[in-house]
Amino acid sequence: MARVTDPRPPLPEWILECYDRLCTQACRPGAGEDSVPLINYDDATAILAADAELALEQRDVEYALTRLLERGYFYEVEDELRVTSPDKHC
């Protein structure tokens, strides 16, 4: 069977940096083994907007979150962003 590849270009490095920063916040120790790492959407936007290293404007933050959701890095449940594959990131 042929291996299916994503025809879309890879995400830009700055969006992947946003993802890493959000995973760091979502993957909190003591949450329990079975819990899914998550972060509130508003908290995620605030974290990214306040990150001096990233230096993003609000529209860039929203764009990054949209792209991460569209690509399946997160899924959204009631204003919470949940890490799709926590075993790979936490």
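This is a predicted model: local features need pLDDT of at least 70, side-chain atom pairs count only at pLDDT 80 or more; totals for chains, interfaces and linings use all residues.
Asp 43 is partly exposed, with a relative accessible area of 42%; on this scale buried means under 20%, exposed means over 50%, and partly exposed is whatever falls in between, using a 1.4 Å probe and protein chains only. Residues are numbered from 1 along each chain as its sequence is written, and side-chain values use heavy atoms, with hydrogens and water left out.

Asp 43 sits in helix H2, residues 41-50; helices (H or I, at least four residues) and strands (E, at least two) are DSSP runs numbered from the N terminus.

The term covers a side-chain nitrogen of Lys or Arg within 4 Å of a carboxyl oxygen of Asp or Glu. Glu 80 pairs up with Arg 82, with the closest N and O atoms 3.1 Å apart. Both count as partly exposed, Glu 80 at 23% relative accessibility and Arg 82 at 21%. Salt bridges with shared partners also tie Arg 21, Asp 51 and Glu 53 into one network.

Another bridge links Arg 59 to Glu 57, at 3.4 Å between the closest N and O atoms. Arg 59 counts as exposed at 61%, whereas Glu 57 is partly exposed at 45%. In helix H3, Arg 67 and Glu 70 are 3 residues apart, so about one helical turn separates them. Their salt bridge has its closest N and O atoms 3.9 Å apart. Arg 67 counts as buried at 19%, but Glu 70 is exposed at 52%.

As for the inside, the largest nonpolar core has 19 residues, and Leu 22, Leu 48, Leu 65 and Phe 74 have the most contacts within it. Two or more residues each come from helix H1 (13-26), H2, helix H3 (58-70) and strand E3 (80-83). H1 gives the most, with 6 residues. A nonpolar core is a set of buried Ala, Val, Leu, Ile, Met, Phe, Trp, Tyr and Cys residues joined through side-chain atoms within 4.5 Å.
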